[in-house]
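Dear colleague,

I am handing over the structure that we spoke about, and below it you will find my notes on what turned up when I went through it. Please read them with the model open beside you.

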Amino acid sequence: MERSEAELIAAVLAGDAASFEPLVQKYSPRVFATARRYARRDSEVEDIAQEVWLKAFDKLKSFRGEAPFEHWLMRMTVRTCYDFLRAHQRNRESAFSEISDAEDDWLERFVAAPEGGGDHAEAAKLLVEKVLEKLSPEARMVITLLEIEDHTVKEIAELTGWSAPLVKVRAFRARSEMRKILGRMTKEKYL
Amino acid sequence: MNLPELHHKLIRTARLRPPDDRVPYAFEKRITALIRDRVAERNRHSWVQGLWRAAISCVAIAFMCGVWMFFAADRPGSNSDDFSQNFENTLLASVDQSDTTP
């Protein structure tokens, strides 16, 4: 018979480490999807996921069961991703010379027809990733959660541990930082 | 260049393509193995810590006994030979008893 989440957690807390495995199996896809928003290399994504699960095991005593386990785990995942971004702030000031031909084409099409259809979505996706990589960790986190994942300010405050006014301030700064980066990118290409 | 439009278009593209949620093969087994290692390590650590505490307590008790014996021997009117003999007799009482028993 399949055991409930609460039973599994109680068993882990009682010392049965094997009961943690079904939880890892069930929620790893969400952890990996979130980690892939912030890290590109597979090894980095795996490191983040591994750290999330080890932290979850170590801090399981602090899970009081008031909110679903998934919410508690996602908070831990987002915070681990934020720590990862802060620890890997590299190449943010580099030029956009590494933009591929496909991404360059997409930009040219956009310049020619800004309202045009979403052709070459893969190129646009890679371009977004490159732009996001240039953002500060706070800006990247807030743009991803607010604009890409469509969370509310309150949800972001809960996920990140920041206050709601701080999320709003960071969202405002993040948008202007992103526009600056886009401006620099297009200047480098077209001036 | 219409930057706000470019911003919206890029964000729209990112929204349309959610990241892959693929999990590497046997990832949960790897995590469980790591957790088992951690638990074993933690148990080992708590044993080592306990033994160290016990060792420190033993050293402290031995030191206090030494100090006590030293000052007891210096006290006027005390008989250090008697004291040490009594101490030894007390400690080895069970051994002495077993030696004398046929």
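Reading from the N terminus, the elements of chain A follow the order α-α-α-α-α-α-α-α-α, which amounts to nine helices and zero strands; helices (H or I, at least four residues) and strands (E, at least two) are DSSP runs, numbered from the N terminus. Before going further, please keep in mind that this is a predicted model, in which local features need pLDDT of at least 70 and side-chain atom pairs count only at pLDDT 80 or more, whereas totals for chains, interfaces and linings use all residues. Residues are numbered from 1 along each chain as its sequence is written, while chains are lettered from A and ligands numbered from 1 in the order in which they are written.

Chain A

Of the 191 residues of chain A, 31% count as buried, where buried stands for 20 or more other C-beta atoms within 10 Å of a residue's own, exposed for 12 or fewer, and partly exposed for values in between, with C-beta atoms placed from the backbone. Chain A is divided into domain 1 (1-88) and domain 2 (94-191), with bounds that come from an automatic or database domain assignment. Nine residues of domain 1 of chain A are in contact with nine residues of domain 2 of chain A, a contact being two residues whose C-beta atoms, placed from the backbone, lie within 7 Å. On the domain 1 side, helix α4 (residues 69-87) of chain A gives the most, with seven residues, and that side divides into four nonpolar, no polar and five charged residues. In these classes, Ala, Val, Leu, Ile, Met, Phe, Trp, Tyr, Cys and Pro count as nonpolar, Asp, Glu, Lys and Arg as charged, and the others, Gly among them, as polar.

The largest nonpolar core has 49 residues, and those with the most contacts inside it are A:A35, A:A49, A:V131, A:V142, A:I143 and A:M178; such a core is a set of buried Ala, Val, Leu, Ile, Met, Phe, Trp, Tyr and Cys residues joined through C-beta atoms within 7 Å. Helix α2 (residues 20-38) of chain A gives the most to this core, with eight residues. Domain 1 and domain 2 of chain A both give residues to the core, so it lies between them. If residues up to four places away in sequence are left aside, A:V142 touches A:I156, A:V167, A:R170, A:A171 and A:A174.

After α8(A) comes A:G161, whose phi is positive, near 85°. In the loop between α7 (137-148) and α8 of chain A sits A:D150, which has a positive phi of about 65° although it is not a glycine. A:D150 is exposed, with 9 other C-beta atoms within 10 Å.

Further along, A:R173 is found in helix α9 (residues 164-190) of chain A, and with 14 C-beta neighbours inside 10 Å it counts as partly exposed. The C-alpha atoms of A:R173 and A:E138 are separated by 9.3 Å, although these residues are 35 residues apart along the chain.

Chain B and the interface

Chain B has four helices and zero strands, and buried residues make up 8% of its 102 residues. B:A26, in the loop between α1 and α2 of chain B, is not a glycine and yet has a positive phi of about 60°; with 10 C-beta neighbours inside 10 Å, B:A26 counts as exposed.

Between the chains, 29 residues of chain B are in contact with 35 residues of chain A. The elements that give two or more residues to the chain B side are α1 (3-16) and α2 (27-74) of chain B, and α1(B) gives the most, with 11 residues. The residues on that side divide into 16 nonpolar, four polar and nine charged.

Confidence

The predictor gives the complex an ipTM of 0.76 and a pTM of 0.76. The mean pLDDT of chain B is 84, and 86% of its residues reach 70 or more, pLDDT being the predictor's confidence in each residue, from 0 to 100. Within chain B, confidence is highest in α2(B), at a mean of 91, and lowest in helix α4 (residues 93-100) of chain B, at 74.

With best wishes
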